[in-house]
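Q: I have a model open and want to learn how to read its features. Where do I start?

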Amino acid sequence: MLKKIILTLTLIFAFASMVSATAPLTSNEIERVIATMEKLEPYMDQMETEMEEAGGHNTDVFDPDMMKKECALIYEYSAQAKKIIKDNGFSAQTWPETSGRVLKAFVSIAMEQEQSAGMEKMQAAMAQMDADPNMSPEHKKIMKEQMNSMMQTAKAMMQVPKADIDAVRPYFEKLTVAVD
């Protein structure tokens with residue numbers, strides 16, 4: 001009896017993990033995200049300007065769902081923005097999810113490409129701290145711990161499925177133009 005219960009629970013958990021697994025991004029989805037972003041550019045610029053002027057928008061860059069939330073905001077921004085998104089085959093649910101995944105993979109690729117330069121800058125900053133005679137050893141230790149913590153947080157935040165990175169990589173240049 002116990003074996004049957006364990007087997008049943010194992011099958012339920014296996015099935016649940018299969019159902020919750022996200023399907024890999026397709027070329028069609030990525031191309032539609034790029035086309036949508038290109039058409040949304042004036043609306044995104046306008047929304048950003050209005051939010052900055054109002055002072056009411058505070059983006060948490062350490063929020064793993066930040067990109068998804070930002071994409072959801074543009075959907076609700078104006079009727080024209082919503083129409084562009086819908087005309088490209090997205091809904092209120094699929095636009096933030098799909099575009100958020102594409103952008104997260106894009107940022108992950110960019111971080112991967114900039115990692116060596118970033119590590120060099122980090123090492124230079126740490127060497128500068130070590131050489132600073134005005135900084136106590138305790139303060140140096142705290143600063144190093146904070147820098148390492150920030151790097152670990154950034155890496156953890158950008159956990160992206162390899163399949164998404166592989167799917168987005170051929171579109172990196174197009175996405176670079178679309179997000180500029």
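Q: Is R101 buried or exposed?

A: Buried means under 20% relative accessible area, exposed over 50%, and partly exposed in between, with a 1.4 Å probe and protein chains only. R101 has 16% relative accessibility, so it counts as buried. One caution on the source: this is a predicted model, where local features need pLDDT of at least 70, side-chain atom pairs count only at pLDDT 80 or more, and totals for chains, interfaces and linings use all residues. Residues are numbered from 1 along each chain as its sequence is written, and side-chain values use heavy atoms, with hydrogens and water left out.

Q: Which helix holds R101, and what is R101 in contact with?

A: Helices are DSSP runs of H or I with at least four residues, strands are runs of E with at least two, and both are numbered from the N terminus. R101 is found in helix α5, residues 94–131. Contact means heavy atoms within 4.5 Å. Setting aside neighbours within four places in sequence, R101 touches T22, A23, P24, L25 and D164.

Q: How many helices and strands does the protein chain have?

A: The protein chain has 8 helices and 0 strands. Of its 180 residues, 28% count as buried. Take the contacts with a separation of 6 or more: residues 24 or more positions apart account for 77% of them.

Q: How do α2 and α4 pack?

A: Two packed helices are described by the angle between their axes and the distance between the axes. Axes are lines fitted to C-alpha atoms, for helices over the stretch in contact, and angles run from 0 to 180 degrees between N-to-C directions. Here α2 (residues 27–54) and α4 (residues 79–87) pack at about 175°, with axes 10 Å apart. They are therefore roughly antiparallel (over 145 degrees; under 35 is roughly parallel, 65 to 115 roughly perpendicular, the rest oblique). α2 contributes T36, K39, L40 and Y43 to the contact, and α4 contributes Q80, A81, I84 and I85.

Q: What kind of aromatic pair do F90 and W95 form?

A: Rings of Phe, Tyr and Trp (its six-membered ring) pair if their centres lie within 6.5 Å; planes under 30 degrees apart are stacked, over 60 edge-to-face, the rest tilted. The structure holds 2 such pairs. F90 and W95 are edge-to-face, 5.3 Å centre to centre with 65° between the planes. F90 is buried at 5% relative accessibility, and W95 is buried at 1%.

Q: Which charged residue sits over the ring of F90?

A: The test is NZ of Lys or CZ of Arg within 6 Å of the ring centre and within 35 degrees of the ring normal. R32 places its charged end over the F90 ring, 4.4 Å from the centre.
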